[in-house]
Amino acid sequence: MSVIEIRQVSRWYGNVVAVNDVTMTIGPGVTGLLGPNGAGKSTLLHLMAGFLQPSGGTATLDAKPIWKNHDVYRTIGLVPEKEGVYGFLTGWQFVQSAARLHGLGDDAAERAIAQVDMAAAQDRRIETYSKGMRQRIKVAGALVHEPSVLLLDEPFNGMDPRQRLHLMDLVRQLGASGRTVVFSSHILEEVERVAQQIEVMVAGRHAASGDYREIRRRMTDRPHLFRVRSSDDRRLAAALIADTASGGVSFTPQGLEVRTVDFRRFTHQLPRLARDLGVRLWQVSPTDEDLESVFSYLSGRS
Ligand SMILES: Nc1ncnc2c1ncn2[C@@H]1O[C@H](COP(=O)(O)OP(=O)(O)OP(=O)(O)O)[C@@H](O)[C@H]1O
């Protein structure tokens, strides 16, 4: 059983703090590292892989420090986000060279290729592969030495839906086989479909931790700001102010802005109120739903 322990880890580049005092424990199964661009996910994965030294704090695997520890490196596989594969190599040559770097023979390469279901395409050059096939051959390269920890940086980015499902299945299987699998993503729904555990990063900090339901609930329960346009904004506003779901209503040139304190009740009540008043709803849309604001809320910054 492989457990990654990140204890008060920080990492800065010059005066940019990419990872800021992060503490988390990651055990077997699939963990999703969720956060917007620049949140520090890649940096954290590289710290877990031993590619980067923490500027402060400790990163251990089964209580052994990861940085500069070759015994630990032998149990970790990393699939970086950047392509990093030579297009002129065939899939077989790429995985074979990864195996040789670990001092392993062709049988290891064969097994890894079979694991990602790429045997049929292994003799084609990588430049002829689709994005999904490329990603799978990279996973094979990271699996040759049968690591107990697999780290994947934005593995589903840029894939078409069919390829994405295929890779999601593979990641799930790898987690179900007892490995400790961590992948990064900026899409909650993607993380939800693959990971049992979610760790949210925002602006270098560890903002939340839990399963999908827990994270979703925290995102939904936060105050929301809605823009509402209707056939009679004034009447609707009066009714909304009287309802406990709204924390405040203001008039703007674009319509009403309603701050809700109870998302569920508001989305339930608004159509009922409008119907009872005989008011037509023309537009109901959240104004602060961008990813950044959702994540900021989770991190307690808004
Ligand atoms: N080598 C580097 N030199 C300077 N700054 C860096 C370097 N690598 C990352 N950063 C900065 O550190 C912060 C975190 O970057 P990181 O790549 O870890 O985030 P991320 O969550 O993986 O985002 P993305 O999905 O955009 O890669 C960003 O502000 C980034 O600009």
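**A Guided Look at a Predicted Model**

Visitor: What does Asp62 count as, and why?
Guide: Look at its surroundings: Asp62 has 15 C-beta neighbours inside 10 Å. A residue is buried if 20 or more other C-beta atoms lie within 10 Å of its own, exposed if 12 or fewer, and partly exposed in between, with C-beta atoms placed from the backbone. So Asp62 counts as partly exposed.

Visitor: Where is the place of Asp62?
Guide: Bear in mind that this is a predicted model: local features need pLDDT of at least 70, side-chain atom pairs count only at pLDDT 80 or more, and totals for chains, interfaces and linings use all residues. Numbering starts from 1 along each chain, as its sequence is written. Helices (H or I, at least four residues) and strands (E, at least two) are DSSP runs, numbered from the N terminus. With that in hand, you'll find Asp62 in the loop between β4 (56-61) and β5 (64-65).

Visitor: What is the phi of Gln8?
Guide: Gln8 is part of strand β1 (residues 4-13), and it counts as exposed because it has 12 C-beta neighbours inside 10 Å. Gln8 is not a glycine, yet its phi is positive, at about 45°.

Visitor: How many residues of helix α1 are buried?
Guide: Helix α1 covers residues 41-49 and is largely enclosed by the rest of the structure. Its buried residues include Lys41, Leu44 and Met48. Just after α1 comes Gly50, with a positive phi of about 80°. As for the helix itself, the buried count out of nine residues is eight.

Visitor: How far apart in space are Val202 and Ala39, C-alpha to C-alpha?
Guide: Val202 belongs to strand β9 (residues 197-202), and it is buried, with 23 other C-beta atoms within 10 Å. In sequence, Val202 and Ala39 are 163 residues apart, but from C-alpha to C-alpha the gap in space is 4.9 Å.

Visitor: Is α3 roughly parallel or roughly antiparallel to α5?
Guide: The axes of α3 (residues 91-101) and α5 (residues 131-143) come within 8 Å and cross at roughly 25°. Axes are lines fitted to C-alpha atoms, for helices over the stretch in contact, and angles run from 0 to 180 degrees between N-to-C directions. Angles under 35 degrees count as roughly parallel, over 145 as roughly antiparallel, 65 to 115 as roughly perpendicular and the rest as oblique. That makes α3 and α5 roughly parallel.

Visitor: Which residues in α5 do Gly91, Phe94, Val95 and Ala98 meet?
Guide: These four sit in α3, and two residues are in contact if their C-beta atoms, placed from the backbone, lie within 7 Å. On the α5 side, their partners are Ile137, Ala140 and Gly141.

Visitor: What share of the protein chain is buried?
Guide: The chain has eleven helices and 14 strands, and its C-alpha trace spans about 75 × 45 × 35 Å along the principal axes. Out of 302 residues, the buried share is 38%.
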